[in-house]
Amino acid sequence: MLVATDLAPAGTRRAAGTTAAGPVVAVQDLVKRFGQNTVLDGVSLDIQRGQMVAIVGRSGSGKSTLLRCMNALETVEGGALRVCGHDVGQRDKLALRELRRDVGIVFQSYNLFPHLTVERNITLALTSVKKLAKAEACEVARRVLALVGLSDKAQSYPEQLSGGQSQRVAIARSLALSPQLMLFDEVTSALDPELTGEVLKVMEDLKRQGMTMVLVTHEMAFARRVADVVVFMHQGRVWEIGPPEELFTRPRTAEFAQFISSGL
Ligand SMILES: Nc1ncnc2c1ncn2[C@@H]1O[C@H](COP(=O)(O)OP(=O)(O)OP(=O)(O)O)[C@@H](O)[C@H]1O
Ligand SMILES: [Mg+2]
């Protein structure tokens, strides 16, 4: 059984900017436009510590954009966004660095460095950005690889891994930086069902250990079973939000009912 302290060294779980009380993510009336296209049209959403929030919705409904906003990968046109105690609107370099120290993001594509071993893929940021000594960084790599069930792959190269294993390394690499919040954007979309299962299990383990997570997913059964809150996005808005059982059993809108029945 893994325990929460596996995720980060003692004392580093909470960054200076983060308060114990209050939501980890507070989104208020967020507006994002690409030219004339309003992609987020007044999104409000609070995410509490330890929650797993699953964002679902049709292609183009703004799911990835919302996630990217949480890590300041997008600028916004209106509203307020606080993540891990940081004002995401503040775009000076120091503020961005502090935000990204606290927030990990994993995408569908793993983006591992092909010429580096799994271990080096993980330790690179630790030694170059966090200035950890090599031995210390390797110890962190060992710990996070154990978390994702890949202790035996430290010396492998990305091309020797399956898609599921690569994605678990990408997750481990993110966890190595001791984030307060993890964002996952369709991390299983490129994987076949068996490999998808491996990655979903890692996310479920993380939740059990208290990690706060937001995931954009098409895995409805997983969202229903594991997430604390499901958000259905439609036309750039939070169309429905609530505990999965409630939402899936009694959809309040025709759009969500149709979305569920379409089997997406
Ligand atoms: N960099 C960009 N420039 C212009 N338009 C963009 C950009 N990124 C996203 N969009 C537009 O914003 C809208 C929302 O895109 P987004 O990627 O957030 O949707 P999504 O819900 O994640 O969809 P999918 O399920 O296909 O990943 C779409 O209309 C898309 O074309
Ligand atoms: Mg997307």
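View 1. At 52% relative accessibility, R208 counts as exposed, where exposed means over 50% relative accessible area, buried under 20% and partly exposed in between, with a 1.4 Å probe and protein chains only. The model is predicted, so that local features need pLDDT of at least 70 and side-chain atom pairs count only at pLDDT 80 or more, while totals for chains, interfaces and linings use all residues. Residues are numbered from 1 along each chain as its sequence is written, chains are lettered from A and ligands numbered from 1 in the order in which they are written, and side-chain values use heavy atoms, with hydrogens and water left out. The side chain of R208 meets that of D205 in a salt bridge of 3.0 Å, N to O, a salt bridge being a side-chain nitrogen of Lys or Arg within 4 Å of a carboxyl oxygen of Asp or Glu. D205 is buried, with a relative accessible area of 11%. Both residues belong to helix α6 (residues 193–208), three residues apart, about one turn of the helix; helices (H or I, at least four residues) and strands (E, at least two) are DSSP runs, numbered from the N terminus. A network of salt bridges links K201, E204, D205, R208 and R225.

**View 2. The salt bridge between R237 and D41.** The closest N and O atoms of R237 and D41 are 2.8 Å apart. This pair links distant parts of the chain, with R237 in strand β10 (residues 237–242) and D41 in strand β2, 196 residues apart. R237 is partly exposed at 39% relative accessibility, and D41 is likewise partly exposed, at 30%.

**View 3. The surroundings of ligand 1.** Ligand 1 is surrounded by F34, N37, V39, R58, S59, G60, S61, G62, K63, S64, T65 and E186, each having a heavy atom within 4 Å of the ligand. An oxygen atom of ligand 1 lies 2.6 Å from a side-chain N or O atom of S59, and a polar side-chain atom of S64 is 2.8 Å from an oxygen atom of the ligand. Helix α1 gives the most to this shell, with three residues.

**View 4. T117 in its loop.** T117 is found in the loop between β6 (103–106) and α3 (118–128), and at 14% relative accessibility T117 counts as buried. Leaving aside neighbours within four places in sequence, T117 is in contact with A154, Q155, S156 and Y157, contact meaning heavy atoms within 4.5 Å.

How values were computed: Polar contact = N/O pair within 3.5 Å; in protein donor to acceptor, adjacent residues only side chain to side chain.
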